[in-house]
Amino acid sequence: FFSTSYNMEVMDEDEESNCKFETKLTGNSQEHQDTEKRAEDTNWAFYDDTTDDILAVMAQQELQEGRPQLNPNGPYLRCRHIIVGWVIEVCGVMRLSNITTAQSCELLDRSFSFALMDDPANVGNFQLVAMVCILITSKLIEAHDKTPTMEYLNDMSDSTYTIPMFENAELSILQLLQWKVSYITPMTYLKHYLALTSTGIPQCDKLINNTAVLMLGLALQDHNFSMQPPSRMCALGLMCARTVVQRQMNGCTPPFQVWPSE
């Protein structure tokens, strides 16, 4: 076991005492350092005759969904980077896909866009909401044997909550979101954009993929980026990744453009 404690230093003393995350993560160093392997497994690029149609549908859904509007003065936004960072770490330990991680954070933002959730009186339950978002998303995306149970998640919070609290929170979030729990995220676009911008060199494409996943993971924790359309964020993350990989060519003539002209 290894423990991680998060303190909300940006909040006042009373809120900070209620918003401390005591987390017990079960795993080993190998599991905790497999981000690259998860990136390769999750986002293998492919392109076929249906890709353009899929992207058109995704773009339409993205416009319909819009972006969640968070209260700039609410307690959630003040500690969002800590909560999202915790979600990313927990999903990494449980070896959940990067798509699941991004979807969990999207669900988290959508939930806290409601004033009923983003209330100072609920600060002590912010971690519970984060765990329920992971649970809901895992049920939707992951295989049965990789989906965490309420008991397992509760153990990771050092049994801070009870199973009935998990059940009530899950139902409340589902009702609040009107049972819509699938949203477009930058990770949804990534494998399609990777295919469209393939360099034709497998080693370069793999490195670009892994770097893009890292870039999008970092951006996920910054609220300013979360307000951007997912398609734009994915394109920016991929462009940054291509720039980084190109600069690592050690002076060699780059075999690809930073961004394809077409």
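Q: How many helices and strands does the chain have?
A: This is a predicted model, where local features need pLDDT of at least 70, side-chain atom pairs count only at pLDDT 80 or more, and totals for chains, interfaces and linings use all residues. Residues are numbered from 1 along each chain as its sequence is written, while side-chain values use heavy atoms, with hydrogens and water left out. A helix here is a DSSP run of H or I with at least four residues, a strand is a run of E with at least two, and both are numbered from the N terminus. For this chain, that comes to 13 helices and 2 strands.

Q: At what angle do helix 5 and helix 7 pack?
A: Picture each axis as a line fitted to C-alpha atoms over the stretch in contact, with angles running from 0 to 180 degrees between N-to-C directions. The axes of helix 5 (residues 75-93) and helix 7 (residues 126-141) are 10 Å apart. Their angle is about 45 degrees.

Q: Which word describes how helix 5 and helix 7 lie to each other?
A: Under 35 degrees counts as roughly parallel, over 145 as roughly antiparallel, 65 to 115 as roughly perpendicular, and the rest as oblique. The angle here is about 45 degrees. Helix 5 and helix 7 are therefore oblique.

Q: Is Met 131 buried or exposed?
A: Met 131 belongs to helix 7. Leaving aside neighbours within four places in sequence, Met 131 is in contact with Trp 86, Leu 153, Ser 157, Tyr 161 and Phe 166. With a relative accessibility of 0%, Met 131 counts as buried.

Q: Are helix 5 and helix 6 roughly parallel or roughly antiparallel?
A: Helix 6 covers residues 98-112, and its axis is 10 Å from that of helix 5. The two pack at an angle of about 155 degrees. Helix 5 and helix 6 are therefore roughly antiparallel.

Q: Where is Arg 95, with its positive phi?
A: Most residues other than glycine have a negative phi. Arg 95 has a phi near 60 degrees, and at 39% relative accessibility it counts as partly exposed. Its place is the loop between helix 5 and helix 6.

Q: Is Gln 178 buried or exposed?
A: Gln 178 sits in the loop between helix 9 (163-176) and helix 10 (186-196). Like any positive value in a residue other than glycine, its phi near 55 degrees is worth a look. With a relative accessible area of 68%, Gln 178 is exposed.

Q: How many disulfides does the count come to?
A: A disulfide is a pair of cysteine sulfur atoms within 2.5 Å. Cys 79 is buried at 0% relative accessible area, and Cys 204 is buried too, at 11%. By the distance rule, the number of disulfides is 0.

Note on methods:
Buried < 20%, exposed > 50% of the residue type's maximum accessible area, 1.4 Å probe, protein only. Contact = heavy atoms within 4.5 Å.
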